[in-house]
Amino acid sequence: MADNKSAKQATLGRFFGSNANTNQAPKKQTTLAFGNKRQRASSSGAADDDVDVKQDTEEPKTEEGTDTAATDGPVKGVKREKSPDAEQSDGSDVQPVSKRRRKASALPAAEKQVPSPKKPEATKPKVESPSPNPATNEDNSTEVTPSETVTDEVNKEEELLESEEEEDLEPELEMKSIEKFQAKLKGSGKDPYPDWKAGEPVPYAALCTTFSLVEMTRKRLEITDHCSLFLRQVLRLTPGDFLPTVQLMINKLAADYAGIELGIGESLIMKAIGESTGRSLAIIKADQKEIGDLGLVAAKSRGNQPTMFKPKPLTIRGVHEGLLAIAQVQGHGSQDKKISGIKKLLSAADAATAGKGGKVVDITKDKGGASEAKFIIRFLEGKLRLGLAEKTVLVAVARAVQTHEAEVNGENIPSAEKMAAGENIFKSVYSELPAYEVIIPAILEHGLFKLPEVCKLSPGVPLKPMLAKPTKSITEVLDRFEGKEFTCEYKYDGERAQIHFVSPDSIHQYPGAKNTLKKDSKGLCSIFSRNSEDLSKKYPDVLAKLDTWVKDDVKSFVLDCETVAWDTVNKKVLPFQQLMTRKRKDVKADEVTVKVCVFAFDLLFFNGEPCVKKSLRERRRLMYECFQPVEGEFQFAQYGNTNVLDEIQEMLDESVKASCEGLMVKMLDTDESGYEPSKRSRNWLKVKKDYLAGVGDSLDLVVLGAYHGRGKRTSVFGAFLLAAYNPNKDTYETICNIGTGFSEVLLEELHNTLSPLVIDRPKPFYTHSTVPKDQPDVWFEPRLVWEVKTADLTLSPRYQAAADEFQGTADSGKGVSLRFPRYIKARDDKKPDEATTTRAVAEMYRKQEAVTKESSSKGGVDDDFEY
């Protein structure tokens, strides 16, 4: 066997090297000593201290005709005026034009107390008003009696569960959750909505009643229980409506890869509300300005609508079909047809209370209650705003199915252990086959525990990709993988893609693939994005040359890869921005100007067998056997198996020289090296060159608003308001203003792109400061996602990102903000709800703060993090 260095690729500096000896890896972990600290860390720390000083003394004051946003950093030598009422610095490099003179914080954020991930005191959920309110700093602390302590402990657990929406619960918490659900089953009498006649369609009002209950709580356990009990009722009375019920619960009409989305604009919805209720558009707009929630506007309008006869009540299946028809309308006259479809649904909504003499909906009580019109409009907008995450619905479905199966079979309620096992099975199957259209019919026919036998990963249904956690140093990687075999791959700066292929003689084995994959003489094949969008029309040149790199004995595969812009003359990778200049639809292979090369790094399915449970070493071996490299068209990701610090550093440097972002470090063997769909796993770590100099990761943020430019930026937007996404509340929370990193040409393009997205007022699901001087000049629909780099993070009363993470601490009422943010690139491959989460933002802040505190206590700078 070759020595350790031969396991690494022969020439790391060369972009295309031999990947021979793919199965080899070092036999044991090398013992590393970090006695020789690098001097650049201390110099970096000094520079960082200098930045903090400059922030208070060198920020330019704003004068007429001066464009502060146009500069890429602080302007030296200009003293800033301090107004008497100046607030604590928000850490952003750009302020609104009229109020850019702000006082910097006297103390760096690092010197503040590190907040605990767990809230020290239970906070009862408040009923929110339609428009978001700024966080307050009130101190409501009272003396706690022993009897209250028990209640507080329960509430702490509930609040903790709510904060862990993005990830699976810890086993202990999951068992407690199941036990509470079991107790509720045993003690429950009537369902919140009365039983309808068995076999009849499920009333839409029943789903809206459940939505209203969910909307009135923020506790994850309660939300799960409400959904589980209702789904159990549907299974008991009308199992045929189970699929559309689940789809409406997750705010989707079909699987992501079907490409069916609503997201109808406000103006169209307001017009439909006015026409369906007999109210003028001016009155609807006035209500919208006052209330701030189009759903509540519809509920109010519907309650006052005169009717000649009582409409037939809406059903779940009818609403699903109606919304699907609206989403699929295209071509000439599509807007009028959409309005007609919306009017049809609204006219039948709230049949029991509509018209004169009916019970008018009180929109100030219980957030409008179970109004059908309210939830129809919110579905059309694309935001139910319930805090109902898909992972919660997955758990609810599994519990409802298990309790229903036990009831049908005359058995007792399943034990907590069995119910937990069922939940894990359902989540595992869904992660490999994310298609309710396939899973729900199978579960009704075969039962939950037989699901893995009938529903498996298959070509035609794209998986959600496995993602990596960011790291801030190579030593952090070595600590994580100590004693384990791991591999380092180049991290390419392109678009994540998943290629599905079925050969002509194997099509009969995958009948469902005919509906989602493109058929030609080579068989069935398609390319999907990271969010399951079909990219086949964007990359016809890749599919056209598929047969040149797929070997003859390959019958079917699913390949995880990166499509990268390629310079055919100099034979090198081009920047990501070049790739984004390609047309997204109706691209002709012979008209392509920006060539792409596919860099493959993982094989998920091969010749009829899923590979996700295999080790990465085995998946890599199969991948090399299946495909053959073709220069400029298909290559394997460059990699090296090493655990020596200097060699990893060398490989990182070489990857950057090869126009890559850095390295992906992956577990190579053991069960931990399996592919984990839709999960950001600790078994994959990413190390970018930029990470080693500051914050551990760039952020993907949503554009919510903008400020009009001045000076050189007159006639375009000069700065922008960005936000992170809170999946628990389904809201966007402001995090910074940004005006750095934009060229004049880019600002022109952004002005043209964003102008059609301007709205009259912020959406109800925007969490932002309500202080008048903090408002942007214009607000936008939440459509664009940008990658942003920052010097560091701080807390600010102006921004609201992750503010709920610091409730009950000395920093209550403050959110995380970015200091000196800089625009990197647009993330057209990401949807707004795939932006960086507020929980991740809070974690980055705490990690940074903890590191800085630890460095201060040592009396020096921690070189491992190079602060």
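The questions and answers below concern a predicted model.

Q: What makes up the secondary structure of the protein, and what share of the residues is buried?
A: The predicted model holds 25 helices and 23 strands, and 56% of its 867 residues are buried. The accessible surface comes to about 37,500 Å², with 51% of that area belonging to carbon and sulfur atoms. Among contacts between residues at least 6 apart in sequence, 75% join residues at least 24 apart.

Q: How do you know that strands S1 and S11 are the edge strands of their sheet?
A: The sheet is open and has five strands in the order S1-S13-S12-S2-S11, with mixed pairing. Strand S1 (467-470) and strand S11 (639-640) each pair on one side only, and they are the edge strands.

Q: What makes S2 and S12 a pair of strands?
A: A pair requires at least two bridges, and six bridges join strand S2 (residues 486-491) to strand S12 (residues 662-667), so the two strands pair, running antiparallel. In this pairing, Lys 491 has Gly 662 of S12 as its bridge partner. Helix H22 (residues 616-626) packs on the sheet, where it touches S2, S11 and S12, and its direction makes about 50° with that of S2.

Q: Why is the pair of Trp 566 and Phe 599 called tilted?
A: Ring centres must lie within 6.5 Å for a pair, and planes under 30 degrees apart count as stacked while those over 60 count as edge-to-face. The rings of Trp 566 and Phe 599 are 6.4 Å apart, centre to centre, with 55° between their planes, so they form a pair and the pair falls in the tilted class. It is one of 31 aromatic pairs in the structure. Because Trp 566 lies in strand S6 (residues 556-567) and Phe 599 in strand S8 (residues 596-606), the pair ties together parts that are 33 residues apart in sequence.

Q: Why do Trp 566 and Phe 599 count as buried?
A: Buried means under 20% relative accessible area.

Q: What makes the pair of Phe 720 and Phe 742 tilted?
A: The ring centres are 5.3 Å apart and the planes stand at 50°, so the pair is tilted, lying between the limits of 30 and 60 degrees. Phe 720 is in strand S15 (residues 717-726) and Phe 742 in the loop between strand S16 (731-738) and helix H24 (744-754), so that the pair links distant parts of the chain, 22 residues apart. Phe 720 and Phe 742 are buried.

Q: Why is Gly 422 called buried, and which residues does Gly 422 touch?
A: Gly 422, which lies in helix H15 (residues 416-432), has a relative accessible area of 0%, and this is under the 20% limit, so Gly 422 counts as buried. Leaving aside residues up to four places away in sequence, Gly 422 touches Ala 398, Gln 402, Leu 448 and Phe 449. Gly 422 and Phe 449 are 27 residues apart in sequence, yet 6.7 Å apart in space, C-alpha to C-alpha.

Conventions: Residues are numbered from 1 along each chain as its sequence is written. This is a predicted model: local features need pLDDT of at least 70, side-chain atom pairs count only at pLDDT 80 or more; totals for chains, interfaces and linings use all residues. Side-chain values use heavy atoms; hydrogens and water are left out. Helices (H or I, at least four residues) and strands (E, at least two) are DSSP runs, numbered from the N terminus. Contact means heavy atoms within 4.5 Å. Axes are lines fitted to C-alpha atoms, for helices over the stretch in contact, and angles run from 0 to 180 degrees between N-to-C directions. Rings of Phe, Tyr and Trp (its six-membered ring) pair if their centres lie within 6.5 Å; planes under 30 degrees apart count as stacked, over 60 as edge-to-face and the rest as tilted. Buried means under 20% relative accessible area, exposed over 50%, partly exposed in between (1.4 Å probe, protein chains only). Accessible areas come from the Shrake-Rupley method with a 1.4 Å probe; for residues, only the protein chains shown count as cover.
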